[in-house]
Amino acid sequence: MAGDDERIRRSVRAAFGGDVSEDFVLQFLAELRTNMRDSERGRRRAVSLIVALAAVFELVNRQAVSEASLLSFKVSSLGFVLLGVPVLIAYLLYEAAAYTVESNNLHWVHRKVVEKRYPTAAASDVDLFAIPVDDPFGQAMRDIRFRRRSRLLTVAAWMRFPILVIVPAVAAYAFEVYAFVQLLRHDRVSLALIVVAASASFVLLVLSVSRVATEGPHGGAPWSNGKRAGHPRDVPPV
């Protein structure tokens, strides 16, 4: 069966191989780049919220906060915060994973459209400079294509993806374990509610892992010998 990158390639060829106006192509590429920016902003927002929620959990857990205000009402029992934060973090992890996959697909569609409509630009890889600077896949591709260096540093350039995407997720998973261990130590939190929250979080965490478990920049791999499909050494195949 064809992978995601091959399906996208076929769709682009079918959509842009015929009589498609130049204005439509340019507008389509501009929309793709806008969506890339939105996707990366969404991922970063999700990661930022995870950090903020983890801080809130720890403050409540250490009883640094004894009450809070909700719609002008004071809430003295914050057990619901301890229960709700891990579930919210699990959901945000799933959201961040979805944004990561979408960013990857958007990058690949952009690449294939340029390759189809502007083969000269695609052959020189100059279109990579049109990719938003905060796109993790565009960063890796530009770094590999336009910076000549040793094999070790080339592999390090590919590590942008796990550093930007996987490391924050692993840290969040570790916090989930920590949070539920802390919940089990609290007498004021019902065990039945802990089980419900843990079950919901587990489902969301499994879904988030499944979204990115096999995800990598479409069309290239850090272990490639650089000669696939006739591409020079250290130039990712497209």
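**Exercise 1.** Find which residues of α3 meet which residues of α8, then work out how the two helices lie.

*Solution.* Start with the contact, meaning heavy atoms within 4.5 Å. On the α3 side, look for residues including Leu83, Pro86, Leu93 and Val101; on the α8 side, they include Ile194, Ala197, Leu204 and Val212. Helices here are DSSP runs (H or I, at least four residues), numbered from the N terminus. This is a predicted model, where local features need pLDDT of at least 70, side-chain atom pairs count only at pLDDT 80 or more, and totals for chains, interfaces and linings use all residues. Residues are numbered from 1 along each chain, and side-chain values use heavy atoms, without hydrogens and water.

Now the geometry: the axes come within 8 Å and cross at roughly 10°. So α3 and α8 are roughly parallel (angles under 35 degrees).

**Exercise 2.** Which residues have the most contacts inside the largest nonpolar core?

*Solution.* This core has 26 residues, and Ile89, Leu93 and Leu183 have the most contacts inside it. The largest share, 9 residues, comes from α3. Then zoom in on Leu183: not counting residues up to four places away in sequence, Leu183 touches Leu82, Leu83, Pro86, Val189 and Ile194.

Key
A nonpolar core is a set of buried Ala, Val, Leu, Ile, Met, Phe, Trp, Tyr and Cys residues joined through side-chain atoms within 4.5 Å. Buried means under 20% relative accessible area, exposed over 50%, partly exposed in between (1.4 Å probe, protein chains only). Axes are lines fitted to C-alpha atoms, for helices over the stretch in contact, and angles run from 0 to 180 degrees between N-to-C directions. Angles under 35 degrees count as roughly parallel, over 145 as roughly antiparallel, 65 to 115 as roughly perpendicular and the rest as oblique.
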